[in-house]
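Subject: The two-chain model, with notes

Hello,

Here is the structure I promised to pass on, and my notes on it follow below. Please have a look at it first, and then read on.

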There are 2 protein chains.
Amino acid sequence: MKISELSRRSGVSVATIKYYLREGLLPKGEATAATQAGYSEAHVRRLRLIRALAEAADLPLARVKGVLDAVDDPEIGLHRLLGTALYELGPRITPPADDPEWRRAEEATDRLLDELGWKVTSRAPARLHLARTVATMARLGRPVGPELLRSYAETAHSTARRDLEQIDPDRPREDNVEHAIAMTLLLEQAFVAMRRLAQEDLSARRFTADPPEEC
Amino acid sequence: MKISELSRRSGVSVATIKYYLREGLLPKGEATAATQAGYSEAHVRRLRLIRALAEAADLPLARVKGVLDAVDDPEIGLHRLLGTALYELGPRITPPADDPEWRRAEEATDRLLDELGWKVTSRAPARLHLARTVATMARLGRPVGPELLRSYAETAHSTARRDLEQIDPDRPREDNVEHAIAMTLLLEQAFVAMRRLAQEDLSARRFTADPPEEC
């Protein structure tokens, strides 16, 4: 198909498609004439994935590129590929050099993960992401105790289990890879949105003058 | 205390403190001389909250200001204040004008919340946040069914319940308000981080060549 049809099919403007081609996010089409290229269903699909990653998961294009490069490298196994997506997501945190609150928070996080026996590398960015939150709560004089972290861990593990159950390693590789990335990035957003809706509901029930209801 | 001590106590540079004073994020100190002002424990505490909101929750300063203004307005009740924080968080999403996938996603989200009987206003940004994710998954050919959304809703409600249990409306208002905002913004980050760690653990167990283990 021509670039105009690719644009119509994918909902991405021709100018943006050309930008993605220049940046190497989208593979070039097959040359059909000196100034024309033909595009395939694979291009439609790739554009939809780029749109999902960039718009819905709020990934900057440089990180979208990192994820797509891993998708296209058949040497990378499913676990490492999922890790690539997870590790690209950020936030990328540099711990402050000499902050005792941070050191305590990192120790508490590492200890909890050890006790849980989770298989997580020492360079997983989510360790620092979690430690930063723990350190900030402590600095605010509202420490997060191990009980709350354990209950979060239990809940997080059960939602993550449902997410990963959707992945069948026997299905075609590219299909599965796209699925894993979309699930990881997008369903996180769905859960955050659902948690805020639940907070609003519970706040309305507890802190307004309405008569109490069963919930 | 002088601005230099305020800086030392809060860990925020003097230049940044002056910037916050100019922008109205931090109330002015009490004039102690023509060119000097004295600062109090309230300033130390407010700076810590700004730092938590701006750094750990990644809120832009304009939104930090919106939250602080609500904190300082005694007319705003606890539920509306929590709503102000939740509604400031973003992402602020404008639904596309004529997209059938979006319309279906919004209808599915609204129907689910109706069935759950949650007390959530029709303008809650998290409705659109959730609908966007549902629409994107559908566009990728990987629709999110009502069962998954219901299981997310159940999990989200139980974590939100634990979060809100920490809030005691009988405690001093400013204290509770800061606590609610910190809990909402920061613990969301903690849960996202924990979920990514859980995904890495489960992926390691399922998709690597290691012998399977109990988990």
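Predicted model: local features only at pLDDT ≥ 70, side-chain atom pairs only at ≥ 80, totals over all residues.

**Around B:Arg205**

B:Arg205 belongs to helix H9 of chain B, which covers residues 173-207. With a relative accessible area of 14%, B:Arg205 is buried, because the limit for that class is under 20%.

**How the chains are related**

Chain A can be superposed on chain B by a rotation of 180°, with 0.0 Å of shift along the axis and an RMSD of 0.0 Å. The two copies are therefore related as by a two-fold rotation axis. If you want a landmark for that axis in chain A, go to A:Thr155: its C-alpha is the nearest one, 3.5 Å away.

A:Thr155 also turns up in the surroundings of B:Arg162. Setting aside neighbours within four places in sequence, B:Arg162 is in contact with A:Leu148, A:Ser151, A:Tyr152 and A:Thr155. B:Arg162 sits in helix H8 of chain B (residues 146-165) and is partly exposed, with a relative accessible area of 23%.

**The interface**

On each side 84 residues take part: 84 of chain A are in contact with 84 of chain B. The copies meet through the same surface, since 100% of the interface residues of chain A are also interface residues in chain B.

About 8500 Å² is buried between chain A and chain B, and carbon and sulfur atoms give 65% of that area. Three residues, A:Lys119, A:Arg142 and A:Arg196, supply 9% of what chain A buries against chain B, more than any other three residues.

How many salt bridges are found across the interface of chain A and chain B? There are two. In one of them, A:Arg196 pairs with B:Glu188, and their closest N and O atoms are 2.6 Å apart.

By residue type, the side of chain A that touches chain B divides into 42 nonpolar, 17 polar and 25 charged residues.

Over all chains, a search of the whole structure finds 20 salt bridges.

B:Arg46 and B:Asp72 meet through their side chains at 2.9 Å, N to O. This pair links distant parts of the chain, 26 residues apart: B:Arg46 is in helix H3 (residues 41-56) and B:Asp72 in helix H4 (residues 61-72), both of chain B. Buried or exposed: how does B:Arg46 count? At 5% relative accessibility, B:Arg46 counts as buried, whereas B:Asp72 is partly exposed at 46%.

B:Lys65 and B:Asp69 form a salt bridge at 3.1 Å, N to O. They are four residues apart in helix H4 of chain B, so about one helical turn separates them. Both ends count as partly exposed, B:Lys65 at 27% relative accessibility and B:Asp69 at 41%.

B:Arg150 and B:Glu115 have their closest N and O atoms 2.5 Å apart in a salt bridge. Here too the pair links distant parts of the chain, with B:Arg150 in helix H8 and B:Glu115 in helix H6 (residues 100-116) of chain B, 35 residues apart. B:Arg150 is partly exposed, with a relative accessible area of 37%.

Terms used:
Residues numbered from 1 in each chain as written. Chains lettered and ligands numbered in written order. Heavy atoms only, no water. Least-squares fit on C-alpha atoms with pLDDT ≥ 70 in both. Contact = heavy atoms within 4.5 Å. Buried area = accessible area lost by both parts, 1.4 Å probe. Salt bridge = Lys/Arg side-chain N within 4 Å of Asp/Glu carboxyl O. Nonpolar A, V, L, I, M, F, W, Y, C, P; charged D, E, K, R; others polar. Helix = DSSP H or I, 4+ residues; strand = E, 2+ residues; numbered from the N terminus. Buried < 20%, exposed > 50% of the residue type's maximum accessible area, 1.4 Å probe, protein only.
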